[in-house]
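Visitor: Can you walk me through this one? I'd like to go contact by contact.
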Amino acid sequence: MLRFLFRRSLGAIVILLIISAFTFFLFFAAPRDPALLACGKNCTPDAIAVIHKNLGLDKPVPVQYWLFMSGIVTGRDFAVGHCPAPCFGYSFANNDPVWDTILDRFPTTVSLTIGAAAVFLTAGVGTGMIAAWKQGRLIDKIFSSSSLVLSSMQIYFVGPIVLALLVYNLGWFGQPKYVPITDDPVGWFLGLIIPWFVLSLIFTAQYTRMARSSMIEQLQEDHVRTARAKGMTSRTVFFRYAWRGSLIPIVTIFGIDLGSLFGGAMITEYTFALPGLGTLAVKSVQNTDLPMVMGVMLFAATFIILLNIVVDACYAFIDPRVRLS
Amino acid sequence: MNTARTHRARATVVALSAGALVLTACSSGAGQGAEDDQGRKEAESQRAQIAFGDAKASTGPAEPVPDATPGGTIKVYQRDTYDHLDPAQIYVSDEGTLSTLIFRRLTSYHLDNKGKYTVVGDLATDSGKSTDGGRTWTYTLKKGVKFENGQPITSKDIRHTFERTFADFISNGPTYVQRWLADAEGNEYRKLLPGGPYGGKHLPDSVLETPDANTIRFHFKKPVGDLPYALAMAGYSVVPEKGDTKERYDKAPVSSGPYKIAPGSFKSGKGMSLVKNPNWDPNTDITRHQYVDKFDIQFGVSYPDSTQRLMSDSADNQTAVSFNNQVDAASLQQVAATPDIKKRSTSGYQPYVGAINFNMKRLKDKKVREAIAHAIPIQAVLDAFGTPGGGELAGSYISPTLTGHKDIDPYGKLKKPMGDVEKAKQLLKEAGKVGMKLTFAYTNAPEPQKYSVAIADNLRKAGFNVQNKDLPSDTYYDIIGKVDNQFDIYPSAWGADWPSALTVIPPVYDGRQIQDNAPNYSHYNNPAVNKEIDRISQLTDQKQAAHDWFALGEKILKEDLPQLPTFYYKQIQLHGSKVGGVVNNDIISSVDPTKMFVKK
């Protein structure tokens, strides 16, 4: 196990280096000069040169990349003061320290993700299993067709409708918002209940379909047939033999989904004006804000890679046939 | 300022600002139709009355807002975060609106309860006394003005405020006063005080003089008539000499207005809180109130989102406003058609005038430019931005919000807003250019994509071989800002920084300003016009200057036609039913936060 983790960690670092280099150099391939954003009304080539110097953009791109990457490990000094490791620099747009901004936004994204994931995982897998258990019956048809309809929906469509109905017209809920759980646990729950509902709605439908098909596939496996032939009850066969095997594809997709959501549920955050990593990522790209783009990209990529490693490690526990070596 | 409809400065050209205009409709209730005409007439009559106030006009406290009661919290929905809190870095309207609550400067605009604007002394006792033919301006500080920490504001702080704008790290804010003091163009002014005052150097007394703790004297090489306007810009708000943390000041500025930033509350992209500043004395301030206990500002709320929230007037939103979010174009009809929502709206002009540029380096024949002008359906351009309320068809380069504006229509565009294809066809034939290739560039933003179809269609009917070029919106101004761009016609918008065309005609039509990224997008250069710009710039008689600027704009339009004006931008904003004192303030292109209160 340790060898596995060590090997995968090394691989993860290489992948992150590739992502960082790709993002950094791609940024400079874009036809937009970030200095123009910080240049006043009467912008002149002289003024742009001053801003290039202020932002460190006057140095060759490889040097800038080296300074950026070494800052993550050793920290850097800027005009506004020392930036301790891990230093991703300061925003071009507003001089915010990138790492602090990410840490500030992350709790919103984590709250949104964990709440929604709890809902879509339990509801999605639960309904999918029931549909598989009752395959071909009315309940299966209801769940299957509902999931088909819901998985065709989009958050940017469902979100405003739910808001209009539940908040603006019926007044059953307050305006969605993020309140730190440490400040007000009830406010945290009530503020996020609608975003959780909307985000999980689409995911639940997808997990229902996936869990159903995975379970049906498992129920046709040889070891399940053998168990049935040995006279075991349907319940035992379903939960003891088929269920574990059906989890493999679900865990795989869940790991990827969770990692992506930790990097920011952009549309959901935008729809409900939640200040998470998703909205930060979008704004940074719009602002040609290289340090912030790099910070968010690497942070999100780290989560996706980490969760992939966790998922791979989980295989061994779920399915004894899988060996990490 | 170019990117109209966005508050965020795209800074090369954008200017946004605190500046522009005179009042139009400071009444509540989005106007349309006949109401618009009435608002327009009021605006025109008030425009002529804007004056530089004396000591009496500048003495606080401000007259009470009718029915106002103290206390309560107002929620504020904003699309964009405040990128800068250091006043010297402020040039966009969002921060400009905020600055009215937390910062004070030498002069400011007073909007009285009747809707009349006056330039008054803010920290200063009056709007300024000029001598030496407008080359010397003297200001005296009011007694009892303080920063939020109780430290008195002195002439040294004012000197420091201007001197620090010469530092290299200040790159976003206005540069008018610096350039006037240095008598230099572009970035050359920085040579007057390289690095700013941080090395212990100061501007010489022959430039900026502080003979005592309360007196500040500006010495310019050339006459400056617009100084009281310029000093009212948010970018020239006072910064304490002791307590200036240079680059770090951008995150923790010191307040001098009725509100201060609650410590630690500012989170970029999330929100901030403003609480009362106990060291603000209402008796020293003619322009501001302190009715509300607290403003809770939330960032990241889009226009459609804030519109839905405020239209609903649900329990959470009754005490909510937005300082700068407008009603989104798709909801304008609903706002206009729903009396309950309409009465919770305010409308007013923005300083921008939209125009279609003609590239003078490529379209040298005026008859061709005239043909294009006649063909373009300016109504289609306006409709794309939302009606009713998105704007008003334009006949001149000078916005109705500027002193000196008159209604003109030299090409009959207001009579035939959908274009006169027959006339265009005839002119093109006379020019012998039927079938000429015409490259039409525009951004891929939703509005230009809508109106570009109608424009191209009319131009084709008129006999042009139109080639459409759809450009990415985030680099649009960089591309059309190139002197050697390969396009014939392309839209842009420009707005004034204060109610004088000094901030419109020279940047947009002075041929000596032609360079990459400069706002003379049509690359127009007429030596006679340049000479006239120099003459009017030095007039100290504001009435004469306003008249002459408009006359020059009209002459450029009639004789050379480097741009076709399309429409004057307007905006409609909403507020919750329990927020009182909500009036539009054309100077800051938004609602005026200094008059708001929570209804009991």
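Visitor: How many residues of domain 1 of chain A are in contact with domain 2 of chain A?
Guide: This is a predicted model. In it, 14 residues of domain 1 of chain A are in contact with 12 residues of domain 2 of chain A.
Visitor: Which element gives the largest share of the domain 1 side?
Guide: Helix 1 of chain A, residues 2-29, with 10 residues. By class, that side of domain 1 has 10 nonpolar, 2 polar and 2 charged residues.
Visitor: Where are the bounds of the two domains of chain A?
Guide: The domain assignment puts domain 1 of chain A at 2-83 and domain 2 at 106-324. Their centres, taken over C-alpha atoms, are 34 Å apart.
Visitor: OK, on to the two chains. How many residues are in contact there?
Guide: 37 residues of chain A are in contact with 40 residues of chain B. On the chain B side, helix 6 (residues 303-312) gives the most, with 4 residues.
Visitor: And what is that side made of, by class?
Guide: The side of chain B that touches chain A has 18 polar, 13 charged and 9 nonpolar residues.
Visitor: Switching to helix 11 of chain B: which residues are buried?
Guide: V421(B), A424(B), L427(B) and L428(B) are the buried residues of that helix, which spans residues 421-431.
Visitor: Why do they line one face of the helix?
Guide: Seen down the axis of helix 11 of chain B, the buried residues fall within an arc of 125°, so they line one face. An α-helix has 3.6 residues a turn, so residues three or four places apart point the same way.
Visitor: What do those buried residues pack against?
Guide: Helix 9 (366-375) and helix 12 (446-462) of chain B.
Visitor: What comes just after helix 11 of chain B?
Guide: G432(B), which takes a positive phi of about 70°.

Methods: Residues numbered from 1 in each chain as written. Chains lettered and ligands numbered in written order. Predicted model: local features only at pLDDT ≥ 70, side-chain atom pairs only at ≥ 80, totals over all residues. Contact = placed C-beta atoms within 7 Å. Helix = DSSP H or I, 4+ residues; strand = E, 2+ residues; numbered from the N terminus. Nonpolar A, V, L, I, M, F, W, Y, C, P; charged D, E, K, R; others polar. Domains from an automatic or database assignment. Buried ≥ 20, exposed ≤ 12 C-beta atoms within 10 Å, placed from the backbone. Arc of directions from axis to C-beta.
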